[in-house]
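Here are my notes for anyone opening this one for the first time. Have the viewer to hand while you read.

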Amino acid sequence: MSLIGEAAAKPADLVKEGSDKTFVADVIEASKETPVIVDFWATWCGPCRTLGPMLEKLVLAAKGRVKLVKIDIDKNPVFAGQLRVQSIPTVYGFVDGRPVDGFMGAVPESQIKAFIDKLAPAGPEAGVDDLLAFGREALEAGDTGGAAAAFAKVLQARPGDPGAIGGLARCYLASGDHKRALEFVDMAGADAHHPDLDAARASLALASQAKVDTAGLEDRLALDPNDNEARFDLAKALAGKGRLEAAAAELLTIIEKDRDWNEGAARRQLLTIFDAAGPNSEVARHGRRRLSSILFS
């Protein structure tokens, strides 16, 4: 199966039900990364039922160039009022946190497509984004060579891209070359942020702890399972060796025994591990579920 063919964002990431409470995050902030189309509608509106499915279909067909947020004005009147929505359906396109285009009524599919293309033109950038997605998936599949080649091509087209820099740093980390990984992270600058770049930074922080003798710590725990200091040091050593799942399990054990041990040190270290693993990793997803269960039980 082609990695590029699997690279498109999931439908749940592209189309969502919004609200007045989530409008700033879902629309204003999100549009600073990707253009966001806002569909103001209501359940009683016949034209809305015509327009809505066409919008969803074409947004999904754009494969991540735009996102769609659907706002029921009966339940969420605040931003509809601020944007002077007087009839529905009304559609706005947001870019860089502000509305830049829009239309009213159930317009033809061709007009919707033109609207999307105007907000987010398909062109060379789309191919670069495919390369970035390919590199990410290749890295997750263990193909560090293929991933590094893809990230390098992205940097040729978009010099300084933080996702590509972070991806290359993660490739070097996977191959054990921490020095080169650090060089790439430093290249991005302290103010640059991207999930892959932040993951590389967190992994480098954890890697500095890899030289601790895990056998000695395991012996201490065998004698005293309540030795949280030994368990914490063991978790740091495991994380430094790349054994993030095992490290998370040790830290969760500490939190389960004493939530505020050492002024929350275990929780802080656990969050660093989640960053290093990546927000969508099984380590982070499973770990956050268990952490919530511990904290709110």
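The points below go from the overall picture to the strands, the helices and the aromatic contacts.

1. **Ground rules.** This is a predicted model, in which local features need pLDDT of at least 70 and side-chain atom pairs count only at pLDDT 80 or more, while totals for chains, interfaces and linings use all residues. Residues are numbered from 1 along each chain as its sequence is written, and side-chain values use heavy atoms, with hydrogens and water left out.

2. **Overall picture.** The protein has 15 helices and five strands; these are DSSP runs numbered from the N terminus, with helices being H or I of at least four residues and strands being E of at least two. Its C-alpha trace spans about 70 × 45 × 35 Å along the principal axes. Of the 297 residues, 44% are buried. Buried here means under 20% relative accessible area, exposed means over 50%, and partly exposed is in between, using a 1.4 Å probe and protein chains only.

3. **Strand β3 and its partners.** Start with β3 (residues 67-72): five of its six residues are buried, so the strand is largely enclosed by the rest of the structure. Strand β1 (residues 15-17) runs parallel to β3 and is joined to it by three bridges; strands count as paired if DSSP finds at least two bridges between them. In that pairing, Lys-16 stands opposite Val-69. β2 also pairs with β3 in the parallel sense, over six bridges, and here Phe-40 stands opposite Ile-71.

4. **The crossover.** Follow the chain from β2 through helix α3 (residues 46-61) to β3 and you get a right-handed β-α-β unit. Right-handed means that, with the strands pointing away from the viewer, the path from the first strand over the helix to the second runs clockwise.

5. **The antiparallel side.** β2 pairs with β4 too, in the antiparallel sense and over five bridges, with Ile-37 opposite Gly-93. β4 is mostly covered, with five of its six residues buried. β4 then pairs with β5, antiparallel over six bridges, and Phe-94 has Pro-99 in β5 as its bridge partner. Look at the turn as well: β4 and β5 form a hairpin with two residues between them, and Asp-96 in that turn has a positive phi of about 55 degrees.

6. **A buried loop residue.** Asn-76 belongs to the loop between β3 and α4 (78-82). With a relative accessible area of 11%, Asn-76 is buried.

7. **Aromatic pairs.** There are six aromatic pairs in the structure. Rings of Phe, Tyr and Trp (its six-membered ring) pair if their centres lie within 6.5 Å; planes under 30 degrees apart count as stacked, over 60 as edge-to-face and the rest as tilted. Phe-40 and Tyr-92 make an edge-to-face pair because their planes are at 85 degrees, with ring centres 6.3 Å apart. Phe-40 is in β2 (residues 36-41) and Tyr-92 in β4 (residues 90-95), so this pair ties together parts that are 52 residues apart in sequence. Both Phe-40 and Tyr-92 are buried.

8. Phe-103 and Phe-115 are another edge-to-face pair, at 5.1 Å centre to centre and 90 degrees between the planes. Phe-103 sits in β5 (residues 98-104) and Phe-115 in helix α5 (residues 109-119), twelve residues apart. Phe-103 counts as buried at 10% relative accessibility, and so does Phe-115 at 6%. Phe-23, Phe-79 and Phe-94 form one aromatic cluster. Finally, Lys-70 lies over the face of Trp-41, 5.5 Å from the ring centre; that label needs NZ of Lys or CZ of Arg within 6 Å of the ring centre and within 35 degrees of the ring normal.
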